[in-house]
Amino acid sequence: MLKRFFVPALPMLVLCCLLLLPHVASAELVAGVHLGYGRTNYSQVLGQKGVTNTEWSTGLSAKYDHNDLLFTALYQTSLGLKDFDTSRHLGHVGVSYRFLEEDVLTVYGGLGYQLVSTRFETPQVDDGECHNLLGHGFAGQVVVNIDVSEEFKTTAMIAANPWTRWSHTYNNKNTEANIDSGNAFIYRLEVMYDFSEELGAHLSVLGNTYSVPSFSRDGLPNGETKSSSTSVNLGVTRRF
């Protein structure tokens, strides 16, 4: 139980640090934490009939503007509800170049690195055997900022990795599966409101999809795994 809730507690620790750290004059670095609730749909799991489940999540995010460059980072961890023992981890870091700025609209395009991890250890999948799928790789990304007012801002981010490299672990042992490249996509729509020079609130919708091709494990075939998830998140931000 302690292990299950250790990682989700990390953003709460970061939240305390954000509120207690002294203010720095530069406002180019914005960091935030959030809590979320959402749903994940597995249309297929290792070739078996898919399942759908609700989950709660916690996450961290940060962005830093430097001249024409925008550095971004995002991490989210999710736990299944209703006795559905699964967990997901989603991470993305990237750097983008500002190629369009007109009035309140700013558009960035660049490259990032993406990490997606899913663990199953529940009777709904392979009679409760423990499976882990890990995907990673470079992803193209687009970020669009719209400054509605001085306090009110919106951001949209899309990152796509059509050649995600996947690995599989079964009962804590690496399999010798040679998995072909799959795909993974992330999108995030965010609304931010600054209620002071330092602190603000943000509401976001975060989603991702991925596909793991069929592969062989211990001479036995494992079918394709497909997943899509969406969560609604609410959190606080601080400028440094």
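Is valine 232 buried, partly exposed or exposed, and what is its relative accessible area? Select valine 232 and you will find that this residue is partly exposed, because its relative accessible area is 47%, where buried means under 20%, exposed over 50% and partly exposed in between, with a 1.4 Å probe and protein chains only. The model is predicted, so local features need pLDDT of at least 70 and side-chain atom pairs pLDDT 80 or more, while totals for chains, interfaces and linings use all residues. Residues are numbered from 1 along each chain as its sequence is written, and side-chain values use heavy atoms, leaving out hydrogens and water.

Valine 232 lies in strand 13 (strands are DSSP runs of E, at least two residues, numbered from the N terminus).

Next, turn to the aromatic pairs, of which the structure holds 4 (ring centres within 6.5 Å; planes under 30 degrees apart are stacked, over 60 edge-to-face and the rest tilted). Select tyrosine 64 and phenylalanine 71, whose ring centres are 6.4 Å apart with planes at 40°, so the pair is tilted. Then select tryptophan 166 and tyrosine 210, another tilted pair, with centres 5.2 Å apart and planes at 40°. Tryptophan 166 is in strand 7 (residues 152-170) and tyrosine 210 in strand 10 (residues 199-212), 44 residues apart. Tryptophan 166 is buried at 7% relative accessible area, and tyrosine 210 is buried at 3%.

Conventions: Helix = DSSP H or I, 4+ residues; strand = E, 2+ residues; numbered from the N terminus. Phe/Tyr/Trp six-rings, centres within 6.5 Å; stacked < 30°, edge-to-face > 60°.
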